[in-house]
Amino acid sequence: RKVEIKSPKKGEKLRFVEMADNNAKITLENKERDRSEILVELKEVLGLDKLPRKIETFDISNISGEYMVAGMCVMVDGTIKRNMSRRFKIKTVLTRRLKHSIDNSNSSGFGKLPDAIFADGGITQIRAIKQAVKSLELDIPVFGMVKNDKHQTRALINEQRQEFEI
């Protein structure tokens with residue numbers, strides 16, 4: 001089909017185009033503000049020292065203790081960065097991941113250390129991650145994700161089993 005693009009110069013149609021443009025700008029501003037407000041709220045609720053601009057989330061799966069696979073999702077400034085996601089087939093997932101950032105500290109993106117780490121699991125995974133973080137003499141807060149019956153995150157939990165509603 002032939003497509004015709006019109007650009008009104010005056011009148012009611014021009015006002016509609018201006019209104020649509022204005023609405024798009026307002027929506028974009030609200031979306032950006034919402035992300036930053038969520039990060040500020042997360043910082044306050046979790047008692048973090050700094051804004052968690054980069055968050056890495058790990059989900060470790062296995063079949064009867066074998067075939068361990070870990071998935072990592074990365075969120076920067078409230079936006080999921082799919083190109084930074086990784087899947088690992090090794091037991092030393094976190095140590096390997098953090099050493100990569102230490103060795104490549106000058107790079108941006110994936111090479112930058114996270115401001116917080118979330119684990120899809122219970123206290124055992126939290127403690128394992130904390131051990132890896134401490135073994136590299138890093139100070140990165142670690143939280144576990146508490147799920148509801150629909151497998152949605154309803155809260156975060158720290159090593160002391162303190163729950164933070166989100």
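**Note on loops, pockets and charged pairs**

1. Asp-77 lies in the loop between β2 and β3 (79-80), where helices (H or I, at least four residues) and strands (E, at least two) are DSSP runs numbered from the N terminus. The phi angle of Asp-77 is near 50°, a positive value in a residue other than glycine. Asp-77 is partly exposed, with a relative accessible area of 30%, on a scale in which buried means under 20% relative accessible area, exposed over 50% and partly exposed in between (1.4 Å probe, protein chains only).

2. On the basis of the note: this is a predicted model, in which local features need pLDDT of at least 70 and side-chain atom pairs count only at pLDDT 80 or more, while totals for chains, interfaces and linings use all residues. Residues are numbered from 1 along each chain as its sequence is written, and side-chain values use heavy atoms, with hydrogens and water left out.

3. Arg-161 also deserves a look at its backbone, for this residue has a positive phi of about 65° although it is not a glycine. Arg-161 is found in the loop between β7 and β8 (163-165), and with a relative accessible area of 54% it is exposed.

4. Which residues are closest to the centre of the largest pocket? The largest pocket has a volume of about 470 Å³, and of the 23 residues that line it, Met-75, Phe-118, Met-145, Thr-153 and Ile-166 are the closest to its centre. On a 1 Å grid over the protein atoms alone, a pocket is an open set of points where a 1.4 Å probe fits, with protein on both sides within 12 Å along at least five of seven lines, and lining residues have an atom within 4 Å of a point. Grid points are joined across faces, edges and corners, and a volume is the space filled by probe spheres set on the points.

5. As for the make-up of that lining, two or more residues come from each of the elements α1 (11-46), β1 (54-63), β2 (66-76), β6 (142-147) and β7 (153-157), and α1 gives the most, with six residues. By class, the lining of the largest pocket divides into 13 nonpolar, four polar and six charged residues, where Ala, Val, Leu, Ile, Met, Phe, Trp, Tyr, Cys and Pro count as nonpolar, Asp, Glu, Lys and Arg as charged, and the others, Gly among them, as polar.

6. Phe-118, one of the residues closest to the centre of the largest pocket, is found in strand β5 (residues 116-119) and counts as buried because its relative accessibility is 9%. Leaving aside neighbours within four places in sequence, Phe-118 is in contact (heavy atoms within 4.5 Å) with residues including Leu-42, Leu-46, Phe-58, Phe-143, Met-145 and Leu-156.

7. The second largest pocket has a volume of about 290 Å³, and of the 14 residues that line it, the closest to its centre are Asp-49, Asp-115, Asp-139, Ile-140 and Pro-141. Its lining has eight nonpolar, one polar and five charged residues.

8. Side chains of opposite charge can pair when their charged atoms come close. The whole structure holds eight salt bridges, each being a side-chain nitrogen of Lys or Arg within 4 Å of a carboxyl oxygen of Asp or Glu. Arg-97 and Glu-56 meet in one of them (2.5 Å, N to O); Arg-97 lies in helix α2 (residues 93-103) and Glu-56 in strand β1, so the pair ties together parts that are 41 residues apart in sequence. Both Arg-97 and Glu-56 are buried, and together with Lys-54 they are linked in a network of salt bridges.

9. Lys-147 forms a salt bridge with Asp-120, the closest N and O atoms being 3.7 Å apart, and this pair links distant parts of the chain, with Lys-147 in strand β6 and Asp-120 in the loop between β5 and α3, 27 residues apart. Lys-147 is partly exposed, at a relative accessible area of 25%, whereas Asp-120, at 16%, counts as buried. In the salt bridge of Arg-154 with Glu-163, the closest N and O atoms are 3.0 Å apart; Arg-154 is partly exposed at 33%, and Glu-163 is partly exposed at 39%.

10. Where does Lys-130 lie, and which side chain of opposite charge is nearest to it? Lys-130 is placed in helix α3 (residues 123-135) and is buried yet has no salt bridge, the nearest side chain of opposite charge being that of Glu-159, 4.7 Å away. For charge, Lys and Arg count as positive and Asp and Glu as negative, while His and the chain ends are not counted. Neighbours within four places in sequence aside, Lys-130 is in contact with Ile-140, Val-142 and Glu-159.
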